[in-house]
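Subject: Structure for you to look at

Hi,

Here is the structure I promised to pass on. Have a look at it first, and then read my notes below.

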Amino acid sequence: MKTYCPECFSWGAHTHGCPAAPEVKPIHKCAVCGDGIFEGDRYKDFGDYPMCYGCLQALSPEELLEMVGDPITITKGEEQ
Ligand SMILES: [Zn+2]
Ligand SMILES: [Zn+2]
């Protein structure tokens with residue numbers, strides 16, 4: 001059922017920035033920086049350890065692959 005909002009003068013959905021619009025709840029909370037991860041955001045869930053895109057970008061390739069559980073390989077001299 002659509003309801004009328006007297007704050008933004010619209011039916012059903014509030015317009016962007018309407019003071020009466022319900023606060024958008026984050027779907028996850030970044031385990032590193034504590035920021036909310038919202039619908040449509042890119043993130044990576046490491047089991048119970050969700051990380052936001054910004055924190056993922058801050059990781060080095062070594063750290064990231066370590067998190068995924070597939071550590072980076074260091075080339076060794078050829079075994080004969
Ligand atoms: Zn509204
Ligand atoms: Zn984060």
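A quick definition before anything else: a residue is called buried if 20 or more other C-beta atoms lie within 10 Å of its own, exposed if 12 or fewer do, and partly exposed in between. By that count, buried residues make up 5% of the 80 residues in the chain.

Keep in mind that this is a predicted model. The average pLDDT of the chain is 92, and 100% of the residues score at least 70. Taken element by element, the lowest mean pLDDT, 92, belongs to strand S2 (residues 10–11), while helix H1 (residues 53–58) has the highest at 97.

Now the overall picture. The chain has six strands and two helices, and they come in the order β-β-β-β-β-β-α-α along the sequence. The radius of gyration is 21 Å, well over the 12 Å that the globule rule gives for 80 residues, so the chain is more spread out than a compact globule. You can see it in the C-alpha trace too, which spans about 80 × 20 × 20 Å along its principal axes. As for contacts with a separation of 6 or more, residues 24 or more positions apart account for 2% of them.

Phe9 is not a glycine, and yet its phi is positive, at about 55°.

Next comes the loop between S2 and strand S3 (28–29), where you will find Val24. Ala21 lies in that loop between S2 and S3 as well. Val24 is exposed, with 9 other C-beta atoms within 10 Å, whereas Ala21 has 14 C-beta neighbours inside 10 Å and counts as partly exposed. Ala21 and Glu78 are 57 residues apart along the chain, and their C-alpha atoms are separated by 63 Å. From Val24 to Gly47 there are 23 residues in sequence and 24 Å in space, C-alpha to C-alpha.

Strand S5 (residues 43–46) and strand S6 (residues 49–52) run antiparallel and are joined by four bridges. Which residue in S6 is the bridge partner of Phe46? That is Tyr49. Asp45, for its part, stands opposite Pro50 in S6. The hairpin has two residues between the strands, and Gly47 takes a positive phi near 65° there.

Last stop: Pro71, in the segment after helix H2 (61–68). Pro71 has 11 C-beta neighbours inside 10 Å and so counts as exposed. Which residues is Pro71 in contact with, leaving aside its neighbours within four places in sequence? They are Leu65 and Glu66. Pro71 and Pro61 are ten residues apart along the chain, with 9.1 Å between their C-alpha atoms.

Cheers

Methods:
Residues numbered from 1 in each chain as written. Chains lettered and ligands numbered in written order. Predicted model: local features only at pLDDT ≥ 70, side-chain atom pairs only at ≥ 80, totals over all residues. pLDDT = per-residue confidence, 0-100. Rg over C-alpha atoms; globule rule 2.2 N^0.38 Å. Contact = placed C-beta atoms within 7 Å. Pairing = 2+ DSSP bridges.
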